[in-house]
Amino acid sequence: MTRFSVQATKSSPHIDFDPETCILEIRGESYPENCSNFYSPVFDWLERFLSDARNDRVELNMEILYFNSSSSKTFMDLFDMLDSEAAKGRSIVVNWRYHEENETAMECGEEFMEDVRNLRFNLVEYVD
């Protein structure tokens, strides 16, 4: 399986999914004009990746500075997909990184964390 990578734009995040390390990263701002079209390849790749029979630990690092409501729904769909996979016994960790001064990002992370049951969801504060 090949690495999945998308460069950031002003309205879309940088995405780097590495199948070798099982580390997935989404960083930046997310308010693409058509959220469904933008994230569709992400879900397609992730679905193929998760169908792999290996039982490796998967880590998703997210550092989203700003996102719109369409992206929020998409992120919840992403967490639901990972949560379902974790319910099957796979070790999945989400690290929701937020700047210490970005209360909104922290609160959004808390809300996402409340909606998952099987994966480990960490709120990770960072400073400059």
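Student: Why is phenylalanine 112 called buried?

Tutor: Its relative accessible area in this predicted model is 5%. The cut-off for buried is under 20%, so phenylalanine 112, at 5%, is buried.

Student: How do you know whether phenylalanine 75 is buried or exposed?

Tutor: The relative accessible area of phenylalanine 75 is 1%. This value is under 20%, so phenylalanine 75 is buried.

Student: What makes phenylalanine 75 and phenylalanine 112 an aromatic pair, and why is the pair called edge-to-face?

Tutor: Their ring centres lie 6.4 Å apart, and a pair requires centres within 6.5 Å. The planes stand at 75° to each other; an angle over 60 degrees counts as edge-to-face, so the pair takes that name. Phenylalanine 75 belongs to helix H2 and phenylalanine 112 to helix H3, 37 residues apart, and the pair thus links distant parts of the chain. Phe75 and Phe112 are also members of one aromatic cluster, which includes Trp96 and Phe121.

Student: What makes arginine 90 lie over the face of phenylalanine 49?

Tutor: Arginine 90 is 5.8 Å from the ring centre, and the limit is within 6 Å. Arginine 90 is accordingly listed as lying over the face of the ring.

Student: How do you know that strand E4 and strand E5 pair?

Tutor: Pairing needs at least two bridges, and 5 bridges join E4 to E5, so these strands pair.

Student: Why are strand E1 and strand E6 called edge strands?

Tutor: The open sheet has the order E1-E2-E3-E4-E5-E6. E1 and E6 each pair on one side only, and are the edge strands.

Note on methods: Residues are numbered from 1 along each chain as its sequence is written. This is a predicted model: local features need pLDDT of at least 70, side-chain atom pairs count only at pLDDT 80 or more; totals for chains, interfaces and linings use all residues. Side-chain values use heavy atoms; hydrogens and water are left out. Rings of Phe, Tyr and Trp (its six-membered ring) pair if their centres lie within 6.5 Å; planes under 30 degrees apart count as stacked, over 60 as edge-to-face and the rest as tilted. Helices (H or I, at least four residues) and strands (E, at least two) are DSSP runs, numbered from the N terminus. Buried means under 20% relative accessible area, exposed over 50%, partly exposed in between (1.4 Å probe, protein chains only). A charge sits over a ring if NZ of Lys or CZ of Arg is within 6 Å of the ring centre and within 35 degrees of the ring normal.
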